[in-house]
Amino acid sequence: MGIVVENVVKQFGDFLALDNINLEVKTGSLVALLGPSGSGKSTLLRLIAGLETPDRGKIFLTGKDATDQDVRDRNIGFVFQHYALFKHMTIRKNIAFGLEIRKEPKAKIADRVEELLELVQLKGLGNRYPSQLSGGQRQRVALARALAVQPSVLLLDEPFGALDAKVRKELRAWLRRLHDEVHVTTVFVTHDQEEAMEVSDEIVVMNKGRIEQIGTPANVYDNPATPFVMSFIGPVNVLPANRDRVTEFHQHSASEDVYIRPRDIHIEIAATSTSISARITRLIHLGWEVQAEMVLGDGQILTAHLTRERFDELKLQPQQYVYIEPKEAKSFPLDYSI
């Protein structure tokens, strides 16, 4: 395995940041640590890097116990959200920095820098300074610098968080292509569900210092293990338990909260034996789909997503009454906590 975390606990004063974490990251895979602020994902990344020490448990890197190993001996590349480039150095010197510290031969350094400039699509820009590059280009330099020393593990802490949405989208696709070329075991922290789904081989969903679920993007989305995962990965409607409307709408137990994704609400103009009426309060055009916000007779608010073709076919209007039923719904016992 590339990374193994065994029974790791980390506490800061009275705050339990990580509660008995167990995780295996396969060699050469790209894994996302996904969760809200305070879930423990950055703390776990820092423990793997050696920037923090666990209170209990062990961390193995490439099969060796690294729990008490100095950060400089772990052969890890680390990329932060805010680039951390040397402003007074050219891009070429920034990338070469780690290799020069290791006193590698000058010819070897020059070859490696040119190879990386091409890999991160910055060929011809080596003599510029960080201030002369865009945010996206600077983050690529940071990645090139981390890769220069040929790390066994690459750790990325919210690498695209400081960039605008369009650049983030472009860099996500670029990072996936880059990983497919270099195959470095990579763990990256994000709170962006779309980013985790698009880039990673596996997603580790974290909440309150614990791992809620580990799985492929498709598995985590389609088969959420807990209410938290269902609510955090993609939009969802929650119908509280113990309501007459709950059992009427989806035939689940009245003692269970029910979760329905907006894409799984089917809308018709005419009533059927299994549908219930709803009033459209707002229609939001999102490009390739339309979001319909609706209210049921008992005040329950629901959101549905329709394709543009389906929306045009139904010719929906605000304040119009329609009939809805779920194509798919998932329930969880009340003893789960979100």
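Me: What does the side chain of aspartate 164 reach at the start of H5?
Reply: One of its side-chain oxygens comes to within 3.1 Å of the backbone nitrogen of lysine 166. Bear in mind this is a predicted model, where local features need pLDDT of at least 70, side-chain atom pairs count only at pLDDT 80 or more, and totals for chains, interfaces and linings use all residues. Residues are numbered from 1 along each chain as its sequence is written, and side-chain values use heavy atoms, with hydrogens and water left out.
Me: How many residues does H5 have, and what span does it reach?
Reply: H5 covers residues 165-182, which is 18 residues, and reaches 26 Å from first C-alpha to last, close to the 26 Å expected at 1.5 Å a residue. The expected span is 1.5 Å times one less than the number of residues. Helices (H or I, at least four residues) and strands (E, at least two) are DSSP runs, numbered from the N terminus.
Me: And what follows H5?
Reply: Histidine 183, with a positive phi near 55°.
Me: Which residues of H5 are buried?
Reply: Leu171, Arg172, Trp174, Leu175, Arg176, Leu178 and His179. Buried means under 20% relative accessible area, exposed over 50%, partly exposed in between (1.4 Å probe, protein chains only).
Me: What do they pack against?
Reply: Several elements, including helix H3 (106-119), helix H4 (135-148) and strand S8 (185-190). Contact here means heavy atoms within 4.5 Å.
Me: Switching topic: where is threonine 67?
Reply: In the loop between strand S5 (64-65) and strand S6 (76-79).
Me: Is threonine 67 buried or exposed?
Reply: Buried, because its relative accessible area is 8%.
Me: Which side chain does threonine 67 make a polar contact with?
Reply: That of aspartate 65, at 2.7 Å. A polar contact is a pair of N or O atoms within 3.5 Å; within protein, one must be able to donate a hydrogen and the other to accept it, and residues adjacent in sequence count only if both atoms are side-chain atoms. The backbone nitrogen of isoleucine 59 also lies 2.9 Å from a polar atom of the threonine 67 side chain.
Me: Now the largest nonpolar core: how many residues?
Reply: It has 46, and Ile95, Leu154 and Ile233 have the most contacts inside it. The largest share, seven residues, comes from H4. A nonpolar core is a set of buried Ala, Val, Leu, Ile, Met, Phe, Trp, Tyr and Cys residues joined through side-chain atoms within 4.5 Å.
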